[in-house]
Amino acid sequence: MDDVVRGGRDALARVRDEGGKVTPCPLDAVKLGSPVQRLNRDVLCTGWNYLDHIYESEGKREGQDPDSLPEHPAFFTKGPDTIVGPHDDIAFDPKLSGKWDYEAELALVIRTGGRSIDEENALDHVFGWCIANDVSQRDLQRAHGGQWLKGKSIDGTMPLGPWLTTSDEVTDPHDLLIECELNGRLLQQASTKEMAFTIPRIIAELSRGMTLRPGERDPDRYAERHRQCS
């Protein structure tokens with residue numbers, strides 16, 4: 001899949017043509033991994049992009065609340081070694097952190113690279129969409145000045161996928177429902193309609209003066225109803 005993403009529309013068309021010749025096998029006979037695995041650099045992420053979460057968590061960030069609603073998207077990165085398959089165990093270590101938190105998110109994969117991408121053409125650069133769980137360690141985050149890198153870059157803590165839905169199959173990425181369930185219990189539910197910043201705006205501002213490359217992922221953290229879990 002990494003080669004298909006980097007190969008652009010022609011590669012995707014060839015895969016679709018060949019897909020009809022493949023002999024199907026039962027889903028339970030295979031192990032589904034992360035849909036993309038080779039990264040050009042860290043996973044690029046957006047924070048403070050879910051207004052309900054900003055209000056919901058007010059006063060609960062140990063003095064690290066923002067002074068006001070953001071005027072621009074906030075960006076951070078997650079190390080490439082965070083990624084695991086959707087059904088893999090996360091690298092849970094109670095000695096490392098006592099405050100593990102789940103965050104169901106929409107992730108996008110860049111198809112066509114670019115620098116200072118226009119907002120009007122931003123979605124043309126997207127190969128497809130998938131789901132990520134940005135498992136975070138809140139005490140590490142708080143201990144290091146509230147910045148997100150350390151509390152979100154622990155190896156083996158971001159299940160991704162399994163499905164990568166191509167952009168032509170998603171009519172409106174701003175009308176998607178994201179849910180997180182644990183043993184049949186709904187923990188999290190949100191719609192991309194509630195995003196503080198649109199996806200084209202995020203891509204445009206992230207790429208301003210900074211080249212995005214095919215295969216890069218940007219988990220957009222809009223569906224962030226945080227509840228501490230362990």
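This dialogue examines how residues and contacts in a predicted model are classified.

Trainee: Why is Cys25 called exposed?

Mentor: Its relative accessibility is 52%, and exposed means over 50%. Cys25 therefore counts as exposed.

Trainee: What makes Cys130 buried?

Mentor: Buried means under 20% relative accessible area. Cys130 has 4% relative accessibility, so Cys130 counts as buried.

Trainee: How many disulfides are there?

Mentor: A disulfide requires a pair of cysteine sulfur atoms within 2.5 Å. By this rule the count is zero.

Trainee: Why is the contact of Glu18 with Lys21 called a salt bridge?

Mentor: The closest N and O atoms of Glu18 and Lys21 are 3.3 Å apart. The cut-off is within 4 Å, so the pair qualifies as a salt bridge. Glu18 is partly exposed, because its relative accessible area of 44% lies between the limits of 20% and 50%. Lys21, at 63%, is exposed.

Trainee: What makes Glu103 and Arg138 a salt bridge that links distant parts of the chain?

Mentor: Their closest N and O atoms are 2.6 Å apart, and the limit is 4 Å. Glu103 lies in the loop between β4 and β5, whereas Arg138 belongs to helix α3, 35 residues apart.

Trainee: How do you know that Glu103 and Arg138 are buried?

Mentor: Glu103 has 0% relative accessibility and Arg138 has a relative accessible area of 10%. Buried means under 20%, so each residue counts as buried.

Trainee: Which residues are linked with them in a network of salt bridges?

Mentor: The network joins Lys78, Asp101, Glu103, Asp134, Arg138 and Lys152.

Methods. Residues are numbered from 1 along each chain as its sequence is written. This is a predicted model: local features need pLDDT of at least 70, side-chain atom pairs count only at pLDDT 80 or more; totals for chains, interfaces and linings use all residues. Side-chain values use heavy atoms; hydrogens and water are left out. Buried means under 20% relative accessible area, exposed over 50%, partly exposed in between (1.4 Å probe, protein chains only). A salt bridge is a side-chain nitrogen of Lys or Arg within 4 Å of a carboxyl oxygen of Asp or Glu. Helices (H or I, at least four residues) and strands (E, at least two) are DSSP runs, numbered from the N terminus.
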